[in-house]
Each structure stands twice: as C-alpha cells, then as structure tokens.
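Colleague: I'd like to learn how to read a model like this one. Can we take it feature by feature?

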Amino acid sequence: MREEETGEVYFANSLDEAISILSDRERSLVPIAGGTWLMRSEKRKEALAPGFLALSNVSELRGFHMESNQISIGALTTHHDLGVALEGSPELFGLADAARISATPGVRRLATVGGNICTDGFHSPDIATALLALDAQVEVAGASGTSSLPLSEYLNSRKERPLDEILVRVMLPRMAGATSHVRLTMKSSGDYPVAIVSVGAVISSTSVLTDLRVAIGSVEETPRRWTALEDALEGQVFRPEECKSQARDLSVDFNGRDAVDAPGSYRVSVLPHLVQSALASIFNQKRGG
Amino acid sequence: MAIRLTINGEKQVFHGDPRTSLLEVLRDTFRLTGAKDVCGEGFCGTCNVHINGEALPACLRPIGMLEGAEVTTIEGLSPMGTFNAVQAALEKHDVVQCGMCFPGLVMTMSKFFETNSNPSRAEIKSAMTGNLCRCTGYELIVDALASIAHERGLVQ
C-alpha cells in the first residue's frame, strides 16, 4: 500500500465533464478505462499517475451499433464484449478473432478498444492492428469540439495530441470481402505477439485479390499498413508462395523493434509467412462460404 | 479516501490511496491471502477473484474504481467446510500440486462452469489460458474439470 502518497480517483459522469477535468492542468488526472496498462506502470519502472479520471460512467463512450453502411464501436467496449458483438459477422472475422485471442480472458474482460488505440507505449495491440485493416476512423472530442480522422493518422500523432482529448468511438465502413488476423506468440496462448498481420481483401471467383488491406502490428513501435505489399499484390491471382515471396522482398520496409521477447530482425523475418497464412485464411473462408 | 465495498458478503471500508490494487487491499488490509501476488500484469491468473460477477485479475483493479462493488475471493466462494463442484473435482482427482495457481484457477473455472455446464476439453483449455500452473499439471487439471459434466450426468 502507498502509505505516504495520496492519489485520487475521480469519476466523470459525462463527456463534457471528462474533457473539462482533463483541461485542468493542476489536477493532472490521467484517463483510465480498463486500467490494464496504467496499473502495470510500476512493472515498467514508471511512476503511477498521481490521479485517475475514471471514464466508466461516461455513457457517450459506450455502445456498439451495426448499421447498413457503418459500424460504430464505443471506446469503452471491452475486448470480450467486442468478440461477442461480432459473432455472426463473417466480414469482420479478423477483428472478432483479434478481440477473442488477445492477452488473457481476464484481461479481455477489462481492456477496452479505446485503451488499445490510445496507449502509445503498448506496441502489440491486436485490436488497433485489426482496425487498421478495416480502414477505421476514430472520433475524438476535446475542448475545441468533436472531429474524426483516420485511425492511422491518430496512431501516428498520439504523442502530440491534446491532453484534454478523449477518443469517443471507432467507425468502420461496411466493406465487401473477408478479413483475417494472424499473430505469432512464443507460447500458444496467453502471450503478447511477436508480430501481428491483419488483412482484408476481396477474392474473385478467379482468385484475384482486390481491395487488399494489410496491417502489421508489434513489429515496429506503432502498427501500420503495409502499403508497398498492398500495391504489389493488388489485382494479382492469389498464389500463396508468390505472396510470401513478394512479402519477403518488400520486408526491407520494416525496421523491427528490439525487445526482450524477440529481436527486431526476427519480427521482420516472420512477416512473409504470417502474410501467407493470413491470406490463405481469407481464401479458405471464401471457399468455405 | 474511504472506499466502501462488499467482500465475501461482508461490508468493508478501505481507507487509503484509491490507486492501490484490489489485490494489495485484499492481502494487506483484509488478510485474505488466497489471491496470490505473482506476475502483477494480469497474465498468470493467480490473483483472479470475482468482481460484480466476473472473474478478473485483482492486480489490475484500482480499489478507487470499486466503490459499491461485490467482490468474492477464494475464501468466500463456498461455505466454510464445503466445496463447490470445481473445488470438489480438483480434490477428488488429487491434482493440487504446489497450490500457487489454484485459488485463481478455481475462481476462473467456477465462473466458467456457471455459463458452460458441459464444456469440451478444448473449451476448458481455452478458458484456462489466463491461469498459469508452474507445476505444469495442466492435463490432470483438465481431466478433473472435464469430470464435472460427467458426474452431473450431462455426458453419457
């Protein structure tokens, strides 16, 4: 117990109140949702934030809505609840899989979609990587109002974003085709992945790949799309070995991060195989359907 | 700061830093040491308890977010001197080894069996992925848990 420290946990009851509190620099409160990252601060040899702003009562951050042209996912949606909500949505198989296999069952019941996106220091986010392959947009709210921007742009600007900004929800366009999510872990389960490949594509009756989206996570510090590979494979007939070979040739795109679980070079070296597996998965889904 | 919550059916008040983890509060303040302090990252499952009806890692829950919560630990899972089905199966099959993982495992799997009374071995293993056993006694644990449905007459 921290006997000499006097921390604070304050509950915001609306989005406006949360933004107002975060704007008060003297309070120095850090927004907390699932808490699965913040509560591990000391494990990372970081100081625990002096105070938490609990978002769990902010109803504007909740909700899952599947409409004909768009899916809206509230930032407080947990991984577990997202996996349940996506049951029976074959075009979102990749995102559903990411939600169902990340971390551990207990963590999945706590960790939120918003936390997975906002946590700049977490380099292996399954949900954020899967959302990149779905052309996700995020809606943010702050003292200057509400706006939306591509998830990729948000991820790359996290260090510079206003401190009073809150991620409200994620929006996905309804897309044709299939998706898949493949990750390599050192153990078969209950582990953070060394590398993540999340893909989406339309495969024609003649096995031609179009509208290909390939997102890579855990290899570099921030997940991103592999646009060079997307361009190379777009319009090509799906041939597993050729896809793997193209991925191998283009993997010089990546500067893998070194960490205790794996060196950067290893993360990059496994990408071609993971890409092949991910594409084979959506090809098999199509055949199965 | 005073946090009021119910632990094992008794109303309790915690006075202290609201950022303190529930695990620390259980062990250091209320002397409920069944939940173990091992990885501190939600990965080993040894500190799993029931919070408002969900099996969750106590190490990741700041006590300040648990005002009014209902918490059940291994000490309060069954009336003193009795076992629930999971505890009884583990005891009957004699699979307890060092015991470090068992309180968390029992909490996880007790909640799991509430929603899936006749699971396959694969479903049992999947539900156990967040509970590590350093004695590696997994197969015997799964055997014991798989026996629950048989003994309830759910499997012919």
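Predicted model: local features only at pLDDT ≥ 70, side-chain atom pairs only at ≥ 80, totals over all residues.

Colleague: What radius of gyration does chain B have, and what would a compact globule have?

Modeller: Chain B has 16 Å. A compact globule of 156 residues would be near 15 Å, so the value agrees. Along the principal axes, the C-alpha atoms of chain B fill a box of roughly 55 × 30 × 25 Å.

Colleague: Which elements build chain B, and in what pattern?

Modeller: Chain B has 5 helices and 5 strands. Along the sequence they run β-β-α-β-β-β-α-α-α-α.

Colleague: How do I read burial and contacts there?

Modeller: Buried means under 20% relative accessible area. By that cut-off, 54% of the 156 residues of chain B are buried. For contacts, take pairs at least 6 apart in sequence. In chain B, 55% of these join residues at least 24 apart. Chain B exposes about 6900 Å², with 51% of it from carbon and sulfur atoms.

Colleague: Now chain A. How many helices and strands are there in chain A?

Modeller: Chain A has 11 helices and 12 strands. Its radius of gyration is 19 Å, close to the 19 Å that the rule gives for 289 residues, so chain A is as compact as a globular protein of that length. The C-alpha trace of chain A spans about 65 × 45 × 30 Å along its principal axes. Of its 289 residues, 53% are buried. Among contacts in chain A with a separation of 6 or more, 61% are between residues 24 or more positions apart. Chain A exposes about 12400 Å², and carbon and sulfur atoms supply 49% of that.

Colleague: On to pockets. What is the volume of the largest pocket, and how many residues line it?

Modeller: The largest pocket has a volume of about 1200 Å³. It is lined by 49 residues. A:Val30, A:Pro31, A:Cys118, A:Thr119 and A:Asp120 lie nearest its centre. Among the elements of chain A that each supply at least two lining residues are helix H1 (15-23), strand S2 (29-32) and helix H5 (113-118). By class, the lining has 25 nonpolar, 13 polar and 11 charged residues.

Colleague: Which residues are closest to the centre of the second largest pocket?

Modeller: That pocket has a volume of about 760 Å³. Of its 23 lining residues, the closest to the centre are A:His80, A:Pro105, A:Arg108, A:Arg109 and B:Phe112. The elements giving two or more residues to this lining include helix H2 (79-85) of chain A and helix H3 (102-115) of chain B. The lining divides into 8 nonpolar, 8 polar and 7 charged residues.

Colleague: Last, the cavities. How many of 30 Å³ or more are there?

Modeller: A cavity is a space where the probe fits but cannot get out. The structure holds 3 cavities of 30 Å³ or more. The largest cavity has a volume of about 70 Å³. Its lining includes A:Ile71, A:Leu134, A:Met175 and A:Arg213. By class, that lining has 7 nonpolar, 2 polar and 3 charged residues.

Methods: Residues numbered from 1 in each chain as written. Chains lettered and ligands numbered in written order. Heavy atoms only, no water. 1 Å grid on protein atoms, 1.4 Å probe; cavity = no way out; pocket = protein on both sides within 12 Å on 5 of 7 lines; lining within 4 Å. Points joined across faces, edges and corners; volume = space filled by probe spheres on them. Helix = DSSP H or I, 4+ residues; strand = E, 2+ residues; numbered from the N terminus. Nonpolar A, V, L, I, M, F, W, Y, C, P; charged D, E, K, R; others polar. Rg over C-alpha atoms; globule rule 2.2 N^0.38 Å. Buried < 20%, exposed > 50% of the residue type's maximum accessible area, 1.4 Å probe, protein only. Contact = heavy atoms within 4.5 Å. Areas by Shrake-Rupley, 256 points an atom, 1.4 Å probe, with all protein chains shown as cover.
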